[in-house]
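Dear colleague,

Please find the structure below, followed by a summary of what was found in it.

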Amino acid sequence: MSQYDAAKFLYHFNRDARVRASYALKPARALASYTLAEPERDALLRRDFCALYDIGIHPLLLMFFARYTGTPTPAYLEAIRAGQAAKH
Amino acid sequence: MGEMAGAFGVFHVPGFTAWPEEAPADQVAALTSAFDQARSRIEALHPDALVIISPEHWTNFFLDNMPAFCVGLASDYKGPIEEWLRVDRKQVAGHPELAQAILEDAMDAGIEPAFAHELLLDHGTIVPLHFLTPSMDVPVVPIILNCLQPPMPRASRCYAFGRSIGRTVRRRPERVVVVASGGLSHSPGAREHGQINQEWDRRVLELVRTGNGKELARYTEAEIAQGGTAGAELRAWVAMLGAVGAAPAEILAYEPVPVFATGCAIAAMRLEE
């Protein structure tokens, strides 16, 4: 159930500085223990917020993930909206 | 006998501590003034404890175990977990005896909250405490509501839980202030982020002002959703209103702040009436 695991990674990431440090150092390794489908893994590695949003990840988890990884909220919103616009 | 010394409903937008300089100065001033008024009133009340009812923000709970209600039983709590909140990390004393009584009385009333002997505090608790009790020296009982992931507790059940909290507070020896933290209308992180439903906010505040918590307790999921993806946080206010009963309120401030993407409100319940 990879959407669940993708969300669980973000839950751990947002509440634990050690997970954040691990992701910053070796992101693929930080994700290794989660059961992720390739699209989810890829989106988390590339920080594709729009893809993660469309998968159904809760927006609070995403917005805080974005902030911690250097994407302020306006840029995060632009990303999730631009991706939506590109589809329509 | 103790009493419910006071009750308040407040917002907890993290931007208010993390980036207030980006908001219009007049709105920040109005909200700061309202928080100052609430703080002064709380100081004058000399409470023994604060019961602070706030929404879950994926701080303590995930989908592997999401309680509708959770009562904090710990003797102390640490927070905020948000490194970017611009509030120094603190340890805040809990009030295990009052918390246990709230839990037990709820169970006697047919409500079964979860309980936790450890909880992290996030902006939902820390932002209000930062302004209401800046020294964070009043023991707290954090009560966390699922306002994140459906199915969420219905407004009527939040009101009922609040009523039970109120009964506990009134029979206990402590002087207690009850604080609801959340809202009002907002959709943080969603594509609707930035949309503030002022009509919905003002309708909610009018019901709060006129002591009509029972009307809010009848709100359906659809009516709550008109407050945005996080309008669900109204539940915290509904629980507080259950605790205070039909008391009216003074709305100390309402400001729809675009950069906070939230209709920010502070209300002081007029328990003397």
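Just after helix 3 of chain B, B:Gly110 takes a positive phi of about 85°. The model is predicted, with local features needing pLDDT of at least 70 and side-chain atom pairs pLDDT 80 or more, while totals for chains, interfaces and linings use all residues. Residues are numbered from 1 along each chain as its sequence is written, chains are lettered from A and ligands numbered from 1 in written order, and side-chain values use heavy atoms, without hydrogens and water.

Helices are DSSP runs of H or I with at least four residues, and strands are runs of E with at least two, numbered from the N terminus. The 13 residues of helix 3 (96-108) of chain B should span 18 Å at 1.5 Å a residue, and the end C-alpha atoms are 18 Å apart, which agrees; the expected span is 1.5 Å times one less than the number of residues. Among the buried residues of this helix are B:Leu98, B:Ile102 and B:Asp105 (under 20% relative accessible area, 1.4 Å probe, protein chains only). Their cover includes strand 2 (49-55) and helix 5 (155-171) of chain B.

The contact (heavy atoms within 4.5 Å) takes 23 residues from chain B and 25 residues from chain A. Between these chains, about 2100 Å² is buried, 61% of it from carbon and sulfur atoms; this is the accessible area (1.4 Å probe) lost on being put together, summed over both parts. B:Trp58, B:Phe62 and B:Arg191 supply 38% of the area that chain B buries against chain A, more than any other three residues.

Yours sincerely

How values were computed
Buried means under 20% relative accessible area, exposed over 50%, partly exposed in between (1.4 Å probe, protein chains only). Buried area is the accessible area (1.4 Å probe) that two parts lose on being put together, summed over both.
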